[in-house]
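Reader: I would like to learn how to read a protein structure feature by feature. Please take one feature at a time, with the general idea before the case.

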Amino acid sequence: MEKKLFWRDWDYSRKFLLIFLIFQAIMWVVIPASYHDSLHYDPAETLMWGSTFNLGGAKHPPMAGYMLYHFCKLFGFPNFAIFLASQICLFAGFVFIYKLARCFFENKTAVMATLLISFYYFYNSETPKFNANTPHLLFVPMMLYGFYRGVTVNKLQHWLLLAVSGACAFMTKYYAGVFFVSFLAYIICDKNARKCLTTYKPYLAGILFFALLAPHLRHLWQTDFLVLKYVSSGEKADYGYVMQLVMILLAMIVPLAAMSLPAYLTQMISTKKLQLPAIRCVNPQAAKFALFILGGQAAVLLLMGICGNRLETMWTYQMFFPAGILIMAFYRDEVTERTIRIFSVLTVLFALTVMLSMLIYSNTRSSYRRHISKEELLTHARNYYRDQTGKEIPFIIGEEWHAALVQNAMKYSLRCCPDNDPILIGIHRENIRKHGALIVSGHPERSGKNILQHFDQQPVWQTVEIPYQARFGKKKKFKFHFAVLHPEKSTP
C-alpha cells in the first residue's frame, strides 16, 4: 500500500497556516531589507550587548544579545540576518501557539486561534526590529504549552520544556517572571492541576530552572541587582499617575478588540447575519486557562502601576499569546471549511495591507535609523580618530545607537559599550584606560557628563553631518559628534 504524504493528509486550514507563516516570514525579511541601509536602534543595541559575552548589562538580561549576535555572525552581520532571526522566532512561536490551541480545539478552530494574533501590530511590522522582546515570541509560547501539558498530562518532557523555555525567557526579559504568577494562580485554583504537585516531575523541572539561571543570578548579586533598578525607574513617562493607568488599560483592551474583530467579522460573513453575536462561552477549559494567563499579567501590571512603578505600554504585548484561544472559546458557530476560507482571505488581505503600507512609508519618508550609510559613518569615524591620534580606533564608547552603529559597520572587530551603562563600562574600564576610545554621540552634553563621571575627562567634540535619504524621500542630514577618550598615560 502506498504511503501517503503528510501534506496530502492535511486539511485546508493546516496547509493555509503553514503557507501563511512561511509567506509572512519571507516578506518580513525582504521588505525591511529593501530599505535598510542603516540599523534600527533596538537591534544595534542588542548586537552590541551580544558582542560582549557577559552575563548582563544595566538594562536587560543577556539572552537576546546572545541569540542575535551569534546568529548574525554566521552570515557576516548583514542586516537581513537580523530580520531572519526575528522571523525564525516568530515562526516557531506560532507553531507552539498552534500546539497549545490544539489542546482545546479541533484543527480549524486552532488555526484561527493561532492566527488572530497576527492582527496585532507587535506580531507583524514590529517583528523585524529584533530586541529584548523578540525571543519572547518563541520562549513564551513554549512556556505556555509546556505548562499546560505539564499540569494536564504530567509528563516529564513537558515540565522540562517549561524549565528550559522559562529560564531562556527569564534570561531575555525579567517580565517572564509575571507568567509564573499566572501559573501559580492556575495551579492553586484548579484541583486537577494541583495533583501534579504530588509527583516529582515539577520539582525536578524547578531544579533545572534554577540551575540554568544560577550564573545569571550570581551576576545579579555581584552587581547589586543594578539592572532591576532600570525596570522600576528608567526614563519617566510624559504623562502622570492616572494617565499611566489609563494608557496601560487601553494597551490591554485595544489589542484584544483588534484581534476579536476579524473573528466576529468572519462569523458574520459566514453566517450572513450582520449583527453582533451574543457572548457565550462554548469552551470553558480554554477560556479558563487563557483568562488566568491574561488576567494574572494584567493584575500584576495594574498593581505595579497603582504602586507608582513606571510602566511601558509595550510590556502588555506579551499578554496576548493566548488571546486567540480566549476569543475562540466564545466563538459560537462551528468552524467549517467555508469559515476558514473566509478567515484566510481576511488574514491575507490584512497582512498585505500592512506590508504594502510599511513598504511605501519606509521608501518615501527619510529616517536616519533606516537610511544613513553605515560605511560613510565609519569612514568619518576612522578619519577623525586618525587625525586626532595617528592611530586606529581601539574601542568605541558613547550613546547607545550611535556607538553601536559604528561597531556594526566594523563587523564587530572592536568592543563597544554605552556611556551610561556602569556594568559594561566596569567590564571594559581597564582596557579603555589603557588604550583609549572613540566617543560617538548624538547628544554631546549628556555623553560628556557620563564620560566625565566615569573617566574624569571632558571630551572635546567635533561635529560631522551625514546625509541620508529614502529612495523616494527628501534628502536630510544627521549630526554625529566625535571625541577622543585618551589613554590615562597620555591624558593631556
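Reader: Where does T134 lie?

Author: T134 lies in the loop between α6 (107-115) and α7. Helices (H or I, at least four residues) and strands (E, at least two) are DSSP runs, numbered from the N terminus. The model is predicted, so local features need pLDDT of at least 70 and side-chain atom pairs count only at pLDDT 80 or more, while totals for chains, interfaces and linings use all residues. Residues are numbered from 1 along each chain as its sequence is written, and side-chain values use heavy atoms, with hydrogens and water left out.

Reader: Is T134 buried or exposed?

Author: Buried means under 20% relative accessible area, exposed over 50%, and partly exposed in between (1.4 Å probe, protein chains only). T134 has a relative accessible area of 4%, so T134 is buried.

Reader: Which residues is T134 in contact with, leaving aside its neighbours within four places in sequence?

Author: Contact means heavy atoms within 4.5 Å. With those neighbours left aside, T134 is in contact with S86, C89, T127 and K129.

Reader: How do α5 and helix α7 pack?

Author: Axes are lines fitted to C-alpha atoms, for helices over the stretch in contact, and angles run from 0 to 180 degrees between N-to-C directions. Angles under 35 degrees count as roughly parallel, over 145 as roughly antiparallel, 65 to 115 as roughly perpendicular and the rest as oblique. For α5 and helix α7 (residues 136-153), the angle is about 20 degrees and the axes are 7 Å apart. α5 is therefore roughly parallel to α7.

Reader: Is the crossing of α5 and α7 left-handed or right-handed?

Author: A crossing is left-handed if the near helix is turned anticlockwise from the far one by less than a right angle, and right-handed if clockwise. The crossing of α5 and α7 is left-handed.

Reader: Which residues in α5 and α7 meet?

Author: From α5 there are C89, L90, A92, G93, F96, I97, K99 and L100, and they meet L137, L138, P141, M142, L144, Y145 and Y148 in α7. By class, the residues of this contact of α5 with α7 are 13 nonpolar, 1 polar and 1 charged. Ala, Val, Leu, Ile, Met, Phe, Trp, Tyr, Cys and Pro count as nonpolar, Asp, Glu, Lys and Arg as charged, and the others, Gly among them, as polar.

Reader: At what angle do the axes of α7 and α8 cross?

Author: The axes of α7 and α8 cross at roughly 150 degrees and come within 8 Å. The two helices, α7 and α8, are therefore roughly antiparallel to each other. α7 passes α8 in a left-handed crossing. Among the residues that meet here are F139, M143 and F147 in α7, and W159, L162 and C168 in α8. The contact of α7 with α8 has 12 nonpolar, 7 polar and 1 charged residues.

Reader: What is the phi of N154?

Author: Most residues other than glycine have a negative phi, and most peptide bonds are trans. N154 is a residue other than glycine, yet its phi is positive, near 55 degrees. N154 lies in the loop between α7 and α8 (156-172). With a relative accessible area of 16%, N154 is buried.

Reader: What about D224, which also has a positive phi?

Author: The phi of D224 is about 60 degrees, although D224 is not a glycine. D224 is in the loop between α11 (201-222) and α12 (226-232). D224 has a relative accessible area of 54%, so D224 is exposed.

Reader: Which residues of the largest nonpolar core touch the most other members?

Author: A nonpolar core is a set of buried Ala, Val, Leu, Ile, Met, Phe, Trp, Tyr and Cys residues joined through side-chain atoms within 4.5 Å. The largest such core has 151 residues, and F321, I397 and F480 touch the most other members. Helix α5 (residues 79-101) gives the most to this core, with 12 residues.

Reader: How many residues of helix α19 are buried?

Author: Helix α19 (residues 400-409) is mostly covered, with 10 of its 10 residues buried. Among them are W401, H402 and N408. After α19 comes K411, which has a positive phi, near 55 degrees.
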